[in-house]
Amino acid sequence: MNNKMPLQVHATRAFADNYIWLVAAPAMPGAVLAVDPGDAAPVLADLRRQGLSLAAILLTHHHADHIGGVGALLAHGPVPVIAPDDPRIALKTRAVRDGERVDLTELGLGFEVLAVPGHTTSHVAFWGHDALFCGDTLFSAGCGRMFEGTPPQMHRSLQRLAALPGPTRVYCGHEYTAANLRFALAVEPDNAAARAYRDSVAVRRAADEPSLPSTLSVECEVNPFLRCSKESVRAAAERHAGRPLEDATAVFAELRSWKDGFRE
Ligand SMILES: [Zn+2]
């Protein structure tokens with residue numbers, strides 16, 4: 001398997017703003033892996049249109065908009081369903097934990113599993129082939145809400161992802177980039193990289209193209225949630241909090257609650 005070949009990844013749209021990623025199997029022409037198929041119908045339509053067949057499913061977390069289509073997809077034929085070790089995901093064929101590898105040798109695909117708790121307690125990300133499938137943990141220019149985790153957990157998870165190689169392409173679960181950039185620029189109005197990124201994202205969205213994938217090097221320049229140690233981000237968070245913040249985790253917690261109430 002050539003791990004250096006860039007993956008071919010198709011964005012299947014679902015619901016209002018979800019992406020289901022269809023990853024072409026380098027070793028099996030016409031076969032794809034689906035990441036987070038929350039809805040079967042658009043996946044089946046894209047498979048049919050492109051003459052592809054489903055060979056495996058990866059799930060990042062238990063939310064219905066990420067797993068809701070699994071049953072209907074399996075009705076068309078059994079495939080491996082690889083998911084976090086969580087009883088709320090009933091249809092998995094393999095439960096994975098932090099540090100494990102998912103090797104789909106016949107497809108020519110292999111991923112490392114990273115536990116990234118925060119959005120949910122059992123959320124995982126899959127990293128391989130210079131690509132990261134991170135569900136609702138890291139969004140472009142933003143991050144997921146903490147439904148089950150704590151700010152220190154979520155911050156640690158994001159830092160883990162940010163430490164992966166810069167060229168890593170980031171495939172998130174939702175098209176939130178433009179709205180996230182409005183918040184990012186409220187935090188760092190003078191961030192030239194974020195302003196340039198906002199303009200290029202606006203062009204792509206106006207053409208109805210996905211803003212994704214991003215890359216980790218772009219995210220480290222524009223995403224305030226990955227920049228909690230930067231002086232500009234800390235100063236903005238402290239201004240919003242009206243008090244000094246003791247460390248990067250406290251800055252992260254302040255940013256997350258600021259974003260939760262942010263009105264554009
Ligand atoms: Zn979610």
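**View 1. Asp36 in the loop between β3 and α1.** Asp36 is found in the loop that links β3 (31-35) to α1 (40-50); helices (H or I, at least four residues) and strands (E, at least two) are DSSP runs, numbered from the N terminus. Asp36 is not a glycine, yet its phi is positive, about 60 degrees. Because its relative accessibility is 4%, Asp36 counts as buried (buried means under 20% relative accessible area, exposed over 50%, partly exposed in between, with a 1.4 Å probe and protein chains only). The model is predicted: local features need pLDDT of at least 70, side-chain atom pairs count only at pLDDT 80 or more, and totals for chains, interfaces and linings use all residues. Residues are numbered from 1 along each chain as its sequence is written, and side-chain values use heavy atoms, with hydrogens and water left out.

View 2. Ala141 lies in the loop between β11 (138-139) and β12 (142-143). Its phi is positive, about 70 degrees, although Ala141 is not a glycine. With a relative accessible area of 1%, Ala141 is buried. In another loop, between α6 (192-206) and β14, lies Pro213. The peptide bond joining Leu212 and Pro213 is cis, with omega about 0 degrees.

**View 3. The zinc site.** Four side chains coordinate the zinc ion at 2.2 to 2.3 Å: His61 through NE2, His63 through ND1, His119 through NE2 and Asp136 through OD. Donors are N, O and S atoms within 2.8 Å of the metal (3.2 Å for Na, K and Ca); water is not among the atoms, so sites may look incomplete. Along the chain the donors have the spacing H-x1-H-x55-H-x16-D. Both His61 and His63 are buried. The angles among the 4 donor atoms run from 89 to 168 degrees, and the site is irregular. Four donors count as tetrahedral if all angles lie between 85 and 135 degrees; four count as square planar and six as octahedral if opposite donors are over 155 degrees apart and all others between 65 and 115; anything else is irregular.

View 4. Strand β7 runs antiparallel to β8 (residues 109-115), joined by 4 bridges, and Leu104 stands opposite Leu109 in β8. The two strands form a hairpin with 4 residues between them, and Gly108 in the turn has a positive phi of about 75 degrees. In a regular strand the side chains alternate between the two faces of the sheet. In β7, Val102 and Leu104 are on the covered face, Arg101 and Asp103 on the uncovered one.

View 5. The largest nonpolar core has 55 residues, and Leu33, Leu109, Phe126, Phe133 and Leu255 have the most contacts inside it. Helix α9 (residues 248-260) gives the most to this core, with 6 residues. A second, separate core of 19 residues includes Ile20, Leu44, Leu54 and Ala83. Such a core is a set of buried Ala, Val, Leu, Ile, Met, Phe, Trp, Tyr and Cys residues joined through side-chain atoms within 4.5 Å.

How values were computed
Pairing = 2+ DSSP bridges.
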